[in-house]
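Here is a short note for a colleague who is new to reading structures. Please keep the model open while going through the points.

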Amino acid sequence: MTPVRIGLLGLGTVGGGTLELLARNGDEIARRAGRPLQVTHAAVRNPDRPRGAHAAHVERLTDPFELVHHPDIDIVAELIGGLEPARELVLAAIGAGKHVVTANKALIAHHGNEIFDAARRAGVAVGFEAAVAGGIPIIKTLREGLAGNRIDGLAGIINGTANYILTQMRDAGLDFATALADAQRLGYAEADPSFDIDGVDAAHKLAILASIAFGMPLCFDQVQVHGIRNLSAVDVDYAGQLGYRLKLLGIARRSPAGVQLRVHPTLLPQRHLLAQVDGVINAVLVDSDALGQSLYYGAGAGAGPTASAVVADLVDIARALTIDPEHRVPYLAFHHDHLQALPVLPDDAVESAFYLRLTALDQPGVLADVTRILGDLGISIEAILQKEPAPGASHVAVILLTHTVRERALRDAIARIEALPSIDGSVVSLHLDHLEH
Ligand code: NDP
Ligand code: HSE
């Protein structure tokens, strides 16, 4: 059988892993795809870097544009990362009639609408399973496995680096910087790790998941994003004392009023399955009408897991090469003409429960002032924890958990509480969610 010829843009963590996986499981992959998948060319930045035995039979190029225009390549896998030149390369590959696979969530989140439009016009496939949750086949699940369902929402731990850092801080007592350095050494973190710790990488992935779940064009710019950079160890600890764990969650929910798209640290009840997801593992909880809640769990980063998703896309494309383009699985699950630009709700309109930590003067009447402000704004309290003052200290930490409240009311309450003379500094607020259907 004639092999399907693949050109890899990049031979780093994911490109190297893809090459290795195609070599290791080549026979079984060919039996599944109906044809062998052969990497014929690879483009890298530094041609002198050793690439291992599997790269010996691959023609190495230093000009990635030569690869995307090469007449002997059927599928281009973009595994470079970043926005440019990745966008230009992908569009050039599409323009040259090549099918494309990418692991680049930033590229899809920012330029997916443009890329899918170009690909549709050229009649080529674009696979991006590896862009969300590493090896977990969540895109295939939403796009195909749940095709009979109305998807009402999803919540996911979709950044392995942030989850690894939070887990190491909680369980191993590591400080933030050491845990981040470990994640970088293990190949989990993005080239710019601020994307991981500031929630941007999770927001890229959430934008992609929401489009596929709800059938709307990509709208990364409208995702509300808060990362874990400023999370304090005491809040991880107090959350634990109250029976919760802190996780960086991406949440997409729809209601008749519009769609919520948010990434932020969130307190989850310790017994919730997502609260048990530790280390670099990712998990996505999906609410859909026929199936109910379903949970998808697995490795969210690293060479092998990400290559697993890249190769799955390569196999899908190899199988679909003879199918009329109009009858392939649509890029964003819904047919192009049936995507709907749903309104995305602003922060103020979002409803959530909250964790609040304030530093209060240890004297009578202070808590009464705080609870009066909350009561006046219709905010009901679920739990209060007041810590012993440190010896000689005039202030104490007070932790409050609220019932569900409109975010605008909570921001008003925080402003009023911070204005009380008995309150020192800013009030820390974190979302709390039970993720019930
Ligand atoms: P790496 O930095 O490990 O590898 C990037 C590769 O691209 C290197 O081989 C590099 O060449 C090559 N490269 C960079 N710029 C150019 C250029 N202009 N021309 C030719 N080659 C170039 O990145 P990763 O493998 O970690 O990530 C690749 C993509 O996969 C990114 O989009 C990332 O977000 C995504 N991803 C990564 C995951 C992970 O666990 N690492 C998980 C899921 C997605 P050289 O080797 O010569 O420097
Ligand atoms: N930096 C990403 C993460 C890699 O930590 O999840 C996988 O997309």
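This is a predicted model: local features need pLDDT of at least 70, side-chain atom pairs count only at pLDDT 80 or more; totals for chains, interfaces and linings use all residues.

1. Start with the empty space in the protein. Rolling a probe the size of a water molecule over the atoms shows where empty space is left. The largest pocket holds about 1,200 Å³ of space. It is lined by 47 residues, and L79, I80, G81, E190 and A191 are the ones closest to its centre. Helix 1 (13-24), helix 5 (105-122), helix 7, helix 9 (194-197) and helix 10 each give two or more residues to this lining. Sorted by class, the lining has 18 nonpolar, 19 polar and 10 charged residues.

2. Ligand 1 takes up space in the largest pocket. The space taken by ligand 2 is also the largest pocket. The two ligands are described in turn below.

3. Ligand 1, surroundings. Ligand 1 has 25 residues around it, and the closest are V14, N46, R51, E190 and G302. By class, this shell is made of 11 nonpolar, nine polar and five charged residues.

4. Ligand 1, polar contacts. Which atoms of the protein approach the oxygen atoms of ligand 1? From N46 it is a backbone N or O atom, at 2.6 Å from an oxygen atom of the ligand. R49 uses its side chain instead, with an N or O atom 3.1 Å from an oxygen atom of ligand 1. E190 also takes part, with a polar side-chain atom 2.8 Å from an oxygen atom of ligand 1. On its own, ligand 1 exposes 900 Å², and the protein buries 85% of that.

5. Ligand 2, surroundings. The shell of ligand 2 consists of K105, N159, G160, T161, Y188, A189, E190, D196, D201, K205, G300 and A301. Divided by class, these are three nonpolar, four polar and five charged residues. Helix 7 (160-171) and helix 10 (200-214) each supply at least two residues of this shell.

6. The side chain of T161 places an N or O atom 2.6 Å from an oxygen atom of ligand 2. A nitrogen atom of ligand 2 lies 2.7 Å from a backbone N or O atom of Y188. For E190, an N or O atom of the side chain is 2.6 Å from a nitrogen atom of ligand 2. The protein covers 93% of the 250 Å² of accessible area that ligand 2 has by itself.

7. Backbone details. Most residues other than glycine have a negative phi, and most peptide bonds are trans. The peptide bond from E84 to P85 is cis, with omega near 10 degrees. P85 is found in the loop between strand 4 (75-78) and helix 4 (86-95). A133 is not a glycine, yet its phi is positive, at about 60 degrees. The loop between strand 6 (126-127) and helix 6 (138-145) contains A133.

Note on methods:
Residues are numbered from 1 along each chain as its sequence is written. Chains are lettered from A and ligands numbered from 1 in the order in which they are written. Side-chain values use heavy atoms; hydrogens and water are left out. A residue is near a molecule or strand if one of its heavy atoms lies within 4 Å of it. A polar contact is a pair of N or O atoms within 3.5 Å; within protein, one must be able to donate a hydrogen and the other to accept it, and residues adjacent in sequence count only if both atoms are side-chain atoms. Accessible areas come from the Shrake-Rupley method with a 1.4 Å probe; for residues, only the protein chains shown count as cover. On a 1 Å grid over the protein atoms alone, a cavity is a set of points where a 1.4 Å probe fits but cannot get out, and a pocket is an open set with protein on both sides within 12 Å along at least five of seven lines; lining residues have an atom within 4 Å of a point. A molecule sits in a cavity or pocket if more than half of its atoms lie within 2 Å of its grid points. Helices (H or I, at least four residues) and strands (E, at least two) are DSSP runs, numbered from the N terminus. Ala, Val, Leu, Ile, Met, Phe, Trp, Tyr, Cys and Pro count as nonpolar, Asp, Glu, Lys and Arg as charged, and the others, Gly among them, as polar. Grid points are joined across faces, edges and corners, and a volume is the space filled by probe spheres set on the points.
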